[in-house]
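Q: Hi! Could you walk me through this structure with me asking as we go?

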Amino acid sequence: MLPVQGLVSGHVAADDVPARFVARAHDDAPATVAASVPVIDLGRLCRQDIAGADEEAAKLRLALESWGLFLVANHGIEASLMDDVMDASREFFGQPPEVKQKHTNLVDGKDFQLEGYGNDRVRSEDQVLDWCDRLYLKVEPEDDRNLALWPTHPGRFRDVLHKFAEECTSVRDRLLPEMAKALGLDDDYFSNQFGDKADTYARFSYYPPCPRPDLVFGLKPHSDGTFISILMVDNNVGGLQVLREGVWYDVPTRPHTLLINLGDQMEIMSNGIFKSPVHRVVTNAEKERLSVALFFSVDPEKHMEPAPQLVDEKQPALYRKALGRVPRPPMADDSWRVPTPVQELAAAVEDPPNRYVLREQDRPSSLLAAADMPEPIPVIDLSRLSDDPVEADKLKAALQSWGLVLVTYHGIEASLMDGVMGASREFFRQPFDAKQKYSNLIDGKHFQVEGYGNDRVLRQDQILDWTDRLHLRVEPEDERNFAFWPKHPEAFRDVLHEYTSETKKIRNIVFEAMAKILELEEDYFVRQISDKAHAFARFNYYPPCPRPDLVNGVRPHSDGGVLTILLVDKEVGGLQVQRDGIWYNVPSKPYTLLINLGDSMEIMNNGIFKSPVHRVVTNAEKERISLAVFYGVDGEKVLEPAAGLIDEKRLARYRAIEVKDFVAGFHEHFSRGIRFIETLRI
């Protein structure tokens, strides 16, 4: 759906709005009146030793019981910081659509996720839409932030949001004891409901001018589902309204104050004494409006229920006990898209399910048969590669004949390699529920690349691989989605960060050596990658398989990126490479790395070096683990053979294609077992 800002900038008539935004007749609102919302002086409220504290406490209780919201002054947040946050928001929404779309909340352009830029979720064709675009970002826990969705323009955006979120958390922490005291509870009662796992989200809302504010909501009537919200509204343009006893009231705006409103979680815990107000936003015919809200929720693993001290015979519990977060099961008609993790399957079946068994016509005479290599894969001493012509010749021969090479003296300590493999093994050995916290399925059904689970299932007749995986973005560093980076084992994040910092150095050394071999500028391939290029770490777990003769660990494929650096299991083999129609076992040597080229690199070097087709076979008795780091090309570039490798005698072998189109085509063809690069040959 087109962002509302895009509609306003030329897609709708000056006196009209699309029918999907027009509120139905029974949504028509009565006339509003100005609300006398209390203004609380937070400094005085929290200082019991000064005059006026009791008066502020009484105003607070009145506000919470009658309105469910109040304004806060003297809150301790500098006016300059508040202005910076609003200005950064305005600059973000003022950018061209294609820039904002880099932070979209639609996976693959269609599957909604909570975080990101765009519209709110659309669940039905007859849903009345709101006249609002929004940017929604998780800010707490800090190590769960999805930095890929945090704008980098304006340059100060991330810093001011981080600082503002810290200050709002401080305001929340000063308010919670006062709210508890207003109910006669222990000062720390509400504070104890949070903890390190509690979620906090920031929502930046942009309301463009609307030609028919009499027909259209900025935000439809609702109450917040969280515990408490802290809202900073536009200093110049109102629009927020609150419902009380059937009457809508305009909530006043006061520069550099904060609006605090309670959510449904607080109403439950206060047993209905404090109210979660129904509110809405109306539009303006002439002016745009901005707001920034921080939504604070309790620990999702805690149970929400009325405080026991607020329940007795005269005042029974008004709400039943419930978890802070309820997982949503996948839709029944989409269940084929959500196969059981292979690790769980392997522990429960004697034979692999049909979805994993290769069709008879697709089976080789023996899946496990592989020939001895006619010559061994060269082993390169990376420490000598830049200066030793012998090592360069070995690299050239390996990439021309095999498309892969083994690397020693690469600079990564054996202890770090053991550490990252040990952390991988510990992650996969956790209970299923613990791993599911990092699921790659949004709402239990919509696939996204990052996270734990299976690869994408696009068709019901798709043959599945006997592997589970954890797929994580590692580059650019400031786009890492830490919500998917496991916290257990504790060393996981640190060892992965250190390991990928080292593999990046190896990548650059190999790129420079390849460029010299091809007589290109030494930094040619490094420039094509750039700081914007994505790199992913993929942890693969292959459980023992009862029929390795019928099932692939990973189907035959070539990698889509430029280069892959693979750390394989020291004890269990399984990787095979195809050359001239014959499958060969790839040897594993402790503490060596396997480097193989991807299709993007084959295109850039005009087919001189090959991207090898490879697969993984399973083992009937032993599990196997590997870690691959995939390096791609800058998504804004065009993928094509290097100009220095094309002349009258050496014609281009591949047509040019934008990187983003190549990535989409690669994934679509991978599920069907077809190499996308073959469609690009000239």
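Q: Where does P476 lie?
A: P476 lies in the loop between β23 (468-475) and α12. Helices here are DSSP runs of H or I with at least four residues, strands are runs of E with at least two, and both are numbered from the N terminus. This is a predicted model, where local features need pLDDT of at least 70 and side-chain atom pairs count only at pLDDT 80 or more, while totals for chains, interfaces and linings use all residues. Residues are numbered from 1 along each chain as its sequence is written, and side-chain values use heavy atoms, with hydrogens and water left out.

Q: Thanks! What kind of peptide bond joins E475 and P476?
A: A cis one, with omega at about -5°.

Q: And what about the bond that joins H488 and P489?
A: That bond is cis as well, with omega about 0°. P489 is found in the loop between β23 and α12.

Q: Since α12 came up, how do α10 and α12 cross?
A: Helix α10 (residues 414-428) and helix α12 (residues 492-517) cross at roughly 135°, and their axes come within 9 Å. The axes are lines fitted to C-alpha atoms, for helices over the stretch in contact, and angles run from 0 to 180 degrees between N-to-C directions. The two helices α10 and α12 are therefore oblique to each other; angles under 35 degrees count as roughly parallel, over 145 as roughly antiparallel, 65 to 115 as roughly perpendicular, and the rest as oblique.

Q: Which residues make that contact?
A: On α10 they are L416, G419, V420, A423 and F427, and on α12 they are F492, V495, E498, Y499 and E502. Contact means heavy atoms within 4.5 Å. By class, the contact of α10 with α12 has seven nonpolar, one polar and two charged residues. Here Ala, Val, Leu, Ile, Met, Phe, Trp, Tyr, Cys and Pro count as nonpolar, Asp, Glu, Lys and Arg as charged, and the others, Gly among them, as polar.

Q: Nice. What about α4 and α6, at what angle do they pack?
A: Helix α4 (residues 79-93) and helix α6 (residues 157-182) pack at about 135°, with axes 9 Å apart. The contact takes in L81, M82, D84, V85, A88 and F92 of α4, plus F157, V160, K163, F164 and E167 of α6. Those residues divide into eight nonpolar, no polar and three charged.

Q: New topic: how many disulfides are there?
A: The count comes to zero, where a disulfide is a pair of cysteine sulfur atoms within 2.5 Å.

Q: Is C132 buried or exposed?
A: C132 counts as buried at 5% relative accessibility, and C210 counts as buried too, at 0%. Buried means under 20% relative accessible area, exposed over 50%, and partly exposed in between, using a 1.4 Å probe and protein chains only.

Q: Got it. What is the phi of E519?
A: E519 has a positive phi of about 60°, although it is not a glycine. E519 sits in the loop between α12 and α13 (524-529) and is exposed, with a relative accessible area of 73%.

Q: And N606, buried or exposed?
A: N606 is buried, with a relative accessible area of 3%. Phi of N606 is near 60°, a positive value in a residue other than glycine.

Q: Last one: what is E56 in contact with?
A: Leaving aside neighbours within four places in sequence, E56 is in contact with V39, I40, D41, R44 and L45. E56 has its place in helix α3 (residues 53-66) and is buried, at 2% relative accessible area.
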